[in-house]
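This briefing covers the domain arrangement, the ligand surroundings, the salt bridges and the backbone geometry of one protein. Please consult the sequence and structure shown here alongside the text.

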Amino acid sequence: KAAGDPAITEMQPWNQMLGDGVDANPYGKPSHYEAHVKRRSVEWLTADPVSSVNFTPLHELDGIITPNGLAFERHHGGIADVDPAKHRLMINGLVDKPLVFTMQDIMRFPRENRVYFLECAANSGMEWRGAQLNGCQFTHGMIHNVMYTGVPLRYILEEAGVKTNGKWIMPEGADASGMTRSIPIEKALDDCLVAFKMNGEALRPEQGYPLRLVVPGWEGNMWVKWLRRIEVGDQPWHHREETSKYTDLMENGKARRFTWEMDCKSVITNPSPQAPILHTKGHTVLTGVAWSGRGTIPRVDVTLDGGKNWHQARMDGPSLDKSMHRFYFEFDWDGSPLLLQSRAHDSTGYVQPTKAQLREIRGVNSIYHNNAIQTWYVNEKGIAENVEIS
Ligand code: MTE
Ligand code: CO
C-alpha cells in the first residue's frame, strides 16, 4: 500500500496554532515564502549604488500590473527624500503667467487614471553585441507597468497659458541629479500626466514621490521624477540626457538625434533562465509580456524551434494603449530541447524585428532602444539559457 502524502497525512504547524492577528502587519507585505521575489541589480553594472539601476523580476509576475515594491528603479543621483509639504511645482518660461503649485493645489485639478508601461531606453542594452545576461529580469527588467493617478499636464499648462512661440517643455527633477529633458509641446498637451499615485497608493520614493511626469509610450528617461519645475521654451535644450546619453550611435558613427517612442517588443518570461521547466515532458505553460509605445498589442507569435514554426499565442487580460500585454502559449512538451522566441505585432502593423534585422540598420554601437526578438535555449532537463541564433 502506497504511503500517504505527508502534506495531507501530517499535521502542519499552521493547523495547530493560531496565526497572527489583524494588527501584526498594518502595512501588508508578501508571504515570507516569496522572499526570493525581489528587484535585483547586476554587480558589475551597478558599480555605484547612487547612480544605479535594478530590475523588475518579470519571471515572477503574472497579469499586466507591476506591484509597487517590484517596479525597477533607475536614478542618477540617488532617491530624493522629498517632504511633500515643502514640494513645489513651478511653471515658467514662455507662459503668460508663471505659476507655482503646492501639492494641495495639484490635487484640486481633475484627475485621470491610466495604465502605462515605463521602459528605460537602456533596457536590453547589454544584449546588442551578443547574448549577455542570464535571465529576463536582467535582459528585459528595466520596465514596469502601473496605473497612474494624475492631472493631465495640459490642464496645468493651460492654467499658465503657453505663449504661441512655446514649442517645447523642459521638466526638471528635485533630486541631486536635477534631471532635465526636452519634450515637444504637442506631446505635453496630448497625453502626459503629472502623477502622484501609482496602483492606488502614493508614488514610492523610488518612483519620484510626491510627483512625477508620465510620458506615455516614450523612453523612461523623459519621465522626470520628483518633478519640481517645467520650463516652456521655443527650442530643445540639448542637455546631457538627450545628447551624450539616450541617443543611438549608428554604424556610420553618427548619432540619431532623438528617439522618443519605444518600439514594439516582447519577451517570454516563463520558461526563462531564472524560471526553468520544473516538470517532465507533457503539458507546459509558456507565458510572457509584450508592449508598444505606439498602441496596443493585438498579436504575439511564439516559436519553440528557433523560428522554423510560429504559433499564435493567446492574449489575456486588458489590452490598453501603451500598456503591457500578457500572452500565453500552452503546449505539449516532448522533452526535447527548445529554442523559444516571441514576436509581437502592434496595432500599427509593426512587427518586432530579429537581432540581425536590427543590426543591419543600427550596427552594434548602440546601447539604447534594443527591441529585438529574444531567444532562450531550454535543454531536456528544462534548464534555460540566454542564447543567440543567426
Ligand atoms: N528623474 C529624475 N529626477 N532623476 C533620475 O535619475 N531617471 C530617469 C527617469 N526619471 C531619473 C528620472 C530614467 S533613466 C528612467 S528609466 C526612469 O526615470 C526610471 O523610473 P523608475 O525609477 O520609476 O523605474
Ligand atoms: Co532610463
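With which residue does aspartate 62 form a salt bridge? The partner is arginine 326, and the closest N and O atoms of the pair are 3.6 Å apart. The model is predicted, and the domain assignment divides the protein into domain 1 (74-242) and domain 2 (265-387). The points below are grouped by topic.

**Domain arrangement and interface**

- The C-alpha centres of domain 1 and domain 2 are separated by 29 Å.
- Contact between the domains involves 30 residues of domain 1 and 33 residues of domain 2.
- About 2500 Å² is buried between domain 1 and domain 2, and carbon and sulfur atoms account for 57% of this area.
- On the side of domain 1, the greatest losses of area to domain 2 fall on Trp128, Cys136 and His140, which together make up 31% of what that side buries.

**Polar and charged links between the domains**

- Between domain 1 and domain 2 there are 19 residue pairs in polar contact, with both residues at pLDDT 80 or more.
- Strand S5 (112-119), helix H4 (136-140) and strand S6 (143-152) each contribute at least two residues to the side of domain 1 that touches domain 2.
- Helix H4 provides the largest share of that side of domain 1, with 5 residues.
- Sorted by class, the side of domain 1 that touches domain 2 comprises 12 nonpolar, 12 polar and 6 charged residues.
- The count of salt bridges between domain 1 and domain 2 is 1.
- Glutamate 119 and lysine 265 form a salt bridge in which the closest N and O atoms are 2.8 Å apart.

**Salt bridges in the whole model**

- Side chains of opposite charge can pair when their charged atoms come close.
- The model has a count of 24 salt bridges, among them the pair of aspartate 62 and arginine 326.
- That pair links distant parts of the chain, its members being 264 residues apart.
- Aspartate 62 belongs to the loop between strand S1 (52-53) and strand S2 (74-75), whereas arginine 326 belongs to strand S18 (residues 325-333).

**Surroundings of ligand 1**

- Ligand 1 is surrounded by 22 residues, and the closest are Phe72, His76, Asp175, Arg212 and Lys225.
- Histidine 76 places a polar side-chain atom 2.7 Å from an oxygen atom of ligand 1.
- In the side chain of lysine 225, an N or O atom is 2.5 Å from an oxygen atom of ligand 1.
- For histidine 144, the distance from an N or O atom of the side chain to an oxygen atom of ligand 1 is 2.9 Å.

**Backbone geometry**

- Most residues other than glycine have a negative phi, and most peptide bonds are trans.
- Tyrosine 209 and proline 210 are joined by a cis peptide bond with omega of about 10°.
- Proline 210 is located in the loop between strand S10 (201-202) and strand S11 (212-214).
- A cis peptide bond also runs from asparagine 270 to proline 271, and its omega is near -5°.
- Proline 271 is part of the loop between strand S13 (265-270) and strand S14 (282-291).
- Serine 124 is not a glycine, yet its phi is positive, at about 70°.
- The loop that holds serine 124 runs between strand S5 and helix H4, and S5 and H4 each supply at least two residues of the side of domain 1 that touches domain 2.

Definitions and conventions:
Residues are numbered from 1 along each chain as its sequence is written. Chains are lettered from A and ligands numbered from 1 in the order in which they are written. Side-chain values use heavy atoms; hydrogens and water are left out. Domain bounds come from an automatic or database domain assignment. Contact means heavy atoms within 4.5 Å. Buried area is the accessible area (1.4 Å probe) that two parts lose on being put together, summed over both. A salt bridge is a side-chain nitrogen of Lys or Arg within 4 Å of a carboxyl oxygen of Asp or Glu. A polar contact is a pair of N or O atoms within 3.5 Å; within protein, one must be able to donate a hydrogen and the other to accept it, and residues adjacent in sequence count only if both atoms are side-chain atoms. Helices (H or I, at least four residues) and strands (E, at least two) are DSSP runs, numbered from the N terminus. Ala, Val, Leu, Ile, Met, Phe, Trp, Tyr, Cys and Pro count as nonpolar, Asp, Glu, Lys and Arg as charged, and the others, Gly among them, as polar. A residue is near a molecule or strand if one of its heavy atoms lies within 4 Å of it.
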